[in-house]
Amino acid sequence: MKPDLICVADFEREAKLILPRNALNYYKSGSDEEVTLCENVAAFKRLRLIPRVLRDVGGVFLGGSKILGQEVSSPICVAPTAMQKMAHDDGELATARACVKNDTLMAVSTLSTVSIEEIVEKTPKLKRWLQLYIYKYIQSTAQTNQSSNSAHCLTPTNNIPSIPRERGFGAAI
């Protein structure tokens, strides 16, 4: 990773240089009118970190955290992130390898560009969950659920992703 990539704006600037337009638009979008996306951006702007310098940090220990009984190195995990091969040829496999290396959990997206079975095959030590969309037609949910045997936990999602109308790139995805 480049050392000058520090904040979200830095990553967005770099993404504009390397990603195809349809991939960039997909990653920077939210669903429908993007209300939740705007609220999340505003919430992060309100957060303030208070530096605590010259403090005793000898007792700080993040290891041994447990998430639903799975021990991880820290309470920081990877949330379901779809379509990762649009950004990198290894896609979700690269994320899975990073999670194994850092002993943390990955929630694999229903819209993953790599099957959970392949992720399990290539990274058997991965602590993994599977996002499960609850579709209107139960057959679609059941098909996704067939892959759930490869997951340690299911994370049901009750909102189906939709492409923002104003971005105008749905046909490219």
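**Entry 1: getting my bearings**

I started with burial: 32% of the chain's 173 residues count as buried. Here buried means under 20% relative accessible area, exposed means over 50%, and partly exposed lies in between (1.4 Å probe, protein chains only). I noted that this is a predicted model, where local features need pLDDT of at least 70 and side-chain atom pairs count only at pLDDT 80 or more, while totals for chains, interfaces and linings use all residues. Residues are numbered from 1 along each chain as its sequence is written, and side-chain values use heavy atoms, with hydrogens and water left out.

Next I looked up the surface: the chain exposes about 12100 Å², and carbon and sulfur atoms supply 57% of that. These areas come from the Shrake-Rupley method with a 1.4 Å probe; for residues, only the protein chains shown count as cover.

**Entry 2: helices and strands**

I found six helices and five strands in the chain. Both are DSSP runs numbered from the N terminus: helices are H or I with at least four residues, strands are E with at least two. Along the sequence I read the pattern α-α-α-β-β-α-β-α-β-α-β.

I also checked contacts, meaning heavy atoms within 4.5 Å. Among contacts with a separation of 6 or more, 55% come from residues 24 or more positions apart.

**Entry 3: the cores**

Which residues make up the largest nonpolar core? I listed 12 residues: Leu 93, Ala 96, Cys 99, Met 106, Val 108, Val 114, Ile 116, Ile 119, Val 120, Leu 126, Leu 130 and Ala 151. Helix 4 (92–101), strand 3 (105–108) and helix 5 each supply at least two residues of this core. Apart from it I noted another core of six residues, including Val 72, Ala 107, Trp 129 and Cys 153. A nonpolar core is a set of buried Ala, Val, Leu, Ile, Met, Phe, Trp, Tyr and Cys residues joined through side-chain atoms within 4.5 Å.

I then picked out Ile 119. Not counting residues up to four places away in sequence, Ile 119 touches Glu 92, Leu 93, Ala 96, Val 108, Ser 112, Val 114 and Leu 126.

**Entry 4: cysteines**

How many disulfides are there? I counted zero, taking a disulfide as a pair of cysteine sulfur atoms within 2.5 Å. Cys 99 is buried at 3% relative accessibility, whereas Cys 7 is partly exposed at 38%.

**Entry 5: salt bridges**

I found four salt bridges, each a side-chain nitrogen of Lys or Arg within 4 Å of a carboxyl oxygen of Asp or Glu. One of them joins Asp 10 to Arg 13, with the closest N and O atoms 2.9 Å apart. The two sit three residues apart in helix 1 (residues 8–18), so about one helical turn separates them. Asp 10 is buried at 12%, while Arg 13 is partly exposed at 48%.

Glu 118 pairs with Lys 122 at 3.0 Å between the closest N and O atoms. They are four residues apart in helix 5 (residues 116–122), so again about one helical turn separates them.

I also saw Arg 97 bridge to Asp 90 at 2.8 Å between the closest N and O atoms. Arg 97 is partly exposed at 41%, and Asp 90 is partly exposed at 31%.
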